[in-house]
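Thanks for making time for this one. I would like to walk through a single chain, strand by strand, and stop at a few residues on the way.

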Amino acid sequence: RNRCLPDEIIAELTLDNNGNVWIGLYDHGLARYVASSDSVIPLMSLQPSSGSVIALVKGRSGDVWLGTEKSVSVYSVSGTSHTIEIPDECKERLE
């Protein structure tokens with residue numbers, strides 16, 4: 001069982017409906033703390049060009065949305081992910 005985080009900086013935490021915690025890692029994307037096994041599971045890595053994690057939001061169907069300085073990603077509970085790069089002209093408006 002892995003209790004170590006893949007990044008020493010946690011940018012965001014979000015509790016899911018089952019008592020587990022989505023973890024937005026500053027440089028390394030997304031992980032999840034699973035309470036029943038007391039373990040941390042790395043789920044989605046980010047490319048350095050994506051920037052650092054700045055936001056983490058639960059979706060309606062249990063998915064999680066991850067915002068970085070340069071992209072928005074959605075991670076599905078089925079294990080798939082999709083990333084949308086933010087156009088340069090919009091980046092100044094994101095916070």
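Predicted model: local features only at pLDDT ≥ 70, side-chain atom pairs only at ≥ 80, totals over all residues.

Let me begin with strand E7, residues 71-75, which is joined to E8 by five bridges, the two running antiparallel. Strands here are DSSP runs of type E with at least two residues, helices are runs of H or I with at least four residues, and both are numbered from the N terminus; two strands pair if DSSP finds at least two bridges between them. Residues are numbered from 1 along each chain as its sequence is written, and side-chain values use heavy atoms, with hydrogens and water left out.

Staying with this pair, Val-72 lies in strand E7, and its bridge partner in E8 is Ile-84. Val-72 is partly exposed, with a relative accessible area of 30%; by the cut-offs used, buried means under 20%, exposed means over 50%, and partly exposed is in between, with a 1.4 Å probe and protein chains only. Ser-71 is also placed in strand E7, but it counts as buried, at 0% relative accessibility. Which residues does Ser-71 contact, leaving aside its neighbours within four places in sequence? They are Ser-50, Leu-66, Thr-83, Ile-84, Glu-85 and Ile-86, where contact means heavy atoms within 4.5 Å.

Now to the sheet around this pair, which is open and has four strands in the order E5-E6-E7-E8, with antiparallel pairing. Strand E5 (53-58) and strand E8 (81-85) stand at its edges, and each has a single partner strand, so one side of each is left without a neighbour in the sheet. From one strand to the next, the twist averages 15°, taken between lines fitted to C-alpha atoms, for helices over the stretch in contact, with angles from 0 to 180 degrees between N-to-C directions.

The other sheet is also open, with four strands in the order E1-E2-E3-E4 and antiparallel pairing. Its edge strands are E1 (10-15) and E4 (39-44), each of which pairs on one side only, and neighbouring strands in this sheet are turned by 25° against each other on average, direction ignored. Within it, strand E2 (residues 21-25) and strand E3 (residues 29-34) pair in the antiparallel sense over five bridges, and Leu-25 has Gly-29 in E3 as its bridge partner.

Most residues other than glycine have a negative phi. Asp-38, however, has a positive phi, near 50°, and it counts as partly exposed, at 25% relative accessibility.

Finally, the chain as a whole. How many helices and how many strands does the chain have? There are zero helices and eight strands. Of the 95 residues of the chain, 36% count as buried. Among contacts between residues at least 6 apart in sequence, 27% join residues at least 24 apart.
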